[in-house]
2 protein chains.
Amino acid sequence: MPPHPPAVTDRAADRMRTAIMEGGLRPGEQLVEAEWTDRLGVSRNTLREAFRQLCREGLAEHQRHCGVTVRNLSAEDVREIFTIRRALELSAVATVTTPIAPHRLDSMRACVAAAADAAKAQDWRAVGSHSLRLHGEIVRLIGSPQLDAFFASVLAQLRLSFAINPDEAAFQAPWLDRDAAILDRLAETDPAGAASALRAYLDDSERGLLARFPAP
Amino acid sequence: MPPHPPAVTDRAADRMRTAIMEGGLRPGEQLVEAEWTDRLGVSRNTLREAFRQLCREGLAEHQRHCGVTVRNLSAEDVREIFTIRRALELSAVATVTTPIAPHRLDSMRACVAAAADAAKAQDWRAVGSHSLRLHGEIVRLIGSPQLDAFFASVLAQLRLSFAINPDEAAFQAPWLDRDAAILDRLAETDPAGAASALRAYLDDSERGLLARFPAP
DNA sequence: GCCCGGTGAATTGTTCAACAATAATTATTG
DNA sequence: CAATAATTATTGTTGAACAATTCACCGGGC
């Protein structure tokens, strides 16, 4: 039997999280307590705890007496996300001095394959998600669950910034091949090659995302 | 005027955090809600939120229907902490390609000086805290507040493991000089030298901490 | 017309009390 | 003594209440 039925507060947080990710909520939009207690059918205390979870994950922001709003990333925030990505993903790649465990490679290849399928189906949102999942797998090479959890929340924030722009198609397509290339280098136990490909990838990706913000 | 009086829940979390850190609570000890609502004079809801904060920081653990306990680190946990330290601190050191900003250097030197003072005063707990503060400053070189917050919680977990052993004197003393040496290399903008010194430092420190656990 | 302060509604912060669900403990039975 | 049933303690969740704060609205003075 399952260890425990999932907690009510977790289910509430899940539903709000997907609501944010699916784009039903705009960045900066306020999350009013009364509204969501009705919609989710949970008590205010439980809901507030769910809010706190979202804030902890960087998907929402809280200001005392002013409530919770969907996080609205600034250019500075995007830069920080990529600073973190560079630090962690490059660290991870550097640890690949011996061949990667087969099951790890399989997980990574599955991400790329899923992204390719989604691209064929023109589901660009899914493409982005699967690509980010691959990069989560890369960080897993470091071998720390705590780091994985932290990085997952960082990637979730990045996905949030995807939601801003409408033309995801043009944005997502070119990156697929580069993901695959990085993975190939990793499979060949070529950390230096993977690192340089990854660094270029991150630089370009950051540039592309920052271009959408009004010039400073 | 100050932006806001601090939230009740934060003050409660603070008091419990120091209680844990000062060693008043042993690892594995259970934190009963009723007991702490009395001691802190806050409501159960507020207290539960404070509990969750501690869990998020890795200072406590939560199991559904079984309450919250003070985190009890295993050898595996210590290994993970050092895995994270290696990834982040070495990443940080690698970013030092241009001279470090003077105020940053000042903060770091202040940590070493404070640790030295504490050593003179035989306050070994303080020595450990200041040394860890230095390593927190190192990670700040990366330039990400989110990463800083995450790393701070990792260091707090490590401090928790210090609380286990009684003879902190023998443990803390030798590391002071090595901290200073690493800082010198950083001040000279010598990332490679700092990296190798830091790597050796972390390896030795991890070994020393793991030695206290029963052999596998 | 526009700035200014005050009034009141709406929202959030915190507490309290109750009940349900689960785990731990004790009592009971064979 | 072992296994099981009943009891108790603790946590999970809810609902309502009240305080504190923000915000929008409104009227008066310049």
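Domain 1 of chain A and domain 2 of chain A bury about 680 Å² between them, 66% of it on carbon and sulfur atoms; buried area is the accessible area (1.4 Å probe) that two parts lose on being put together, summed over both. On the side of domain 1 of chain A, M21(A), E57(A) and L59(A) lose the most area to domain 2 of chain A, together 56% of what that side buries.

The model is predicted: local features need pLDDT of at least 70, side-chain atom pairs count only at pLDDT 80 or more, and totals for chains, interfaces and linings use all residues. Residues are numbered from 1 along each chain as its sequence is written, chains are lettered from A and ligands numbered from 1 in the order in which they are written, and side-chain values use heavy atoms, without hydrogens and water.

The domain assignment, automatic or from a database, places domain 1 of chain A at 8-70 and domain 2 at 75-210. Their C-alpha centres lie 27 Å apart.

DNA strand C is surrounded by 20 residues, each with a heavy atom within 4 Å of the strand. The closest are R44(A), R48(A), V8(B), N45(B) and T46(B).

| Residue | Protein atom | Distance |
|---|---|---|
| R64(A) | polar side-chain atom | 3.3 Å |
| H65(A) | polar backbone atom | 3.3 Å |
| T46(B) | side-chain N or O atom | 2.3 Å |

Methods. Polar contact = N/O pair within 3.5 Å; in protein donor to acceptor, adjacent residues only side chain to side chain.
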